[in-house]
Amino acid sequence: MGDPVPYIKPGDSGMQDMRLFQRANALRDDYNKESQSMRDREDIYDLIDTMRKEPAGGPSDIVLLYNFVKLNDPNAAREGELELVQRGASIPDTWKRYVGRFLQGNILAPEQRVKMIEAADKLYEGGIRPKLESINKRYEDSSKRNEVDFRDVIRPSRPAKSTDTQNGEWRLKK
């Protein structure tokens, strides 16, 4: 693969700059439409990943549970709608029970937190991440064919994680 096309520089050659800008805009618009759902879910996963390091109970359980439900079904959990999750067909029964206990004032048990975070990791690494990487690759290739720097079109995915843990922390793959 060759080097990426350099960034569009104002004043290089007037009309050519405008055409490159228009192509980059069109590709970015298409990319944003196609990738929005996956990027939203990636952002939700980032919140869950942050809760991995927070102490159990209270606010961190609320954030973890709410975002776990949204990660599984982005349309299932909106403010004040956790009760509906218990009836939602797209959420596994185990998670529905967690929501039910939570709504009764119980916090998540440590093993429930671990299972929820592990399930989120599997969903992200096994489904969301590969889908987003596929979209990014397609638009990177299209950008190069259109002589547009792909960095003007796509938002890169978060770095991959190693399946190894050290001191309870995830390490980035090298």
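Predicted model: local features only at pLDDT ≥ 70, side-chain atom pairs only at ≥ 80, totals over all residues.
Which side chain meets Asp 121 in a salt bridge, and at what N to O distance?

**View 1. Asp 121 pairs with Arg 52 in a salt bridge.** The N to O distance is 2.7 Å. A salt bridge here is a side-chain nitrogen of Lys or Arg within 4 Å of a carboxyl oxygen of Asp or Glu. Asp 121 lies in helix α5 and Arg 52 in the loop between α1 and α2 (58–72), so the bridge ties together parts 69 residues apart in sequence. Asp 121 is buried, at 8% relative accessible area. Residues are numbered from 1 along each chain as its sequence is written, and side-chain values use heavy atoms, with hydrogens and water left out.

**View 2. The protein chain has 5 helices and 2 strands.** From the N terminus the order is α-α-α-α-α-β-β. Elements are DSSP runs numbered from the N terminus (helices H or I, at least four residues; strands E, at least two). The protein chain has 174 residues, and 38% of them are buried. Among contacts with a separation of 6 or more, 60% join residues 24 or more positions apart. A contact means heavy atoms within 4.5 Å. The chain exposes about 10400 Å², with 53% supplied by carbon and sulfur atoms. Areas come from the Shrake-Rupley method with a 1.4 Å probe; for residues, only the protein chains shown count as cover.

**View 3. Tyr 31 and Tyr 139 are one of 2 aromatic pairs found in the whole structure.** Their geometry is edge-to-face, at 5.5 Å centre to centre and 75° between the planes. Pairing means ring centres of Phe, Tyr or Trp (its six-membered ring) within 6.5 Å; planes under 30 degrees apart are stacked, over 60 edge-to-face, the rest tilted. The pair links distant parts of the chain. Tyr 31 belongs to helix α1 (residues 15–51) and Tyr 139 to helix α5 (residues 110–145), 108 residues apart. How accessible is Tyr 31? Its relative accessible area is 0%, which counts as buried. Tyr 139 is buried too, at 11%.

**View 4. Tyr 45 and Tyr 124 form a stacked pair.** The ring centres lie 4.4 Å apart and the planes meet at 5°, so this pair is stacked. Tyr 45 is buried, with 1% relative accessible area. Tyr 124 is buried, with 0%.

**View 5. Arg 155 reaches Asp 43 through a salt bridge.** The whole structure holds 11 salt bridges. In this one, the closest N and O atoms are 3.1 Å apart. Arg 155 lies in the loop between α5 and β1 (161–166) and Asp 43 in helix α1, so the bridge spans 112 residues of sequence. Are these side chains buried or partly exposed? Arg 155 is partly exposed, at 29% relative accessibility. Asp 43 is partly exposed, at 34%.

View 6. Glu 133 is partly exposed, at 35% relative accessible area, whereas Arg 129 is buried, at 7%. Elsewhere, salt bridges with shared partners join Glu 42, Asp 43 and Arg 155 into one network.

**View 7. Helices α2 and α5 pack in a left-handed crossing.** Two packed helices are described by the angle between their axes and the distance between the axes. Here the axes come within 11 Å and cross at roughly 35°. Axes are lines fitted to C-alpha atoms, for helices over the stretch in contact; angles run from 0 to 180 degrees between N-to-C directions. Left-handed means the near helix is turned anticlockwise from the far one by less than a right angle; clockwise is right-handed. On α2, the contact residues include Ser 60, Leu 64, Leu 65 and Phe 68. On α5, they include Arg 113, Met 116, Ile 117 and Leu 123.

**View 8. Ser 37 lies in helix α1.** Ser 37 is partly exposed, with a relative accessible area of 42%. Its C-alpha atom is 8.6 Å from that of Pro 74, which is 37 residues away along the chain.

Conventions
Buried < 20%, exposed > 50% of the residue type's maximum accessible area, 1.4 Å probe, protein only.
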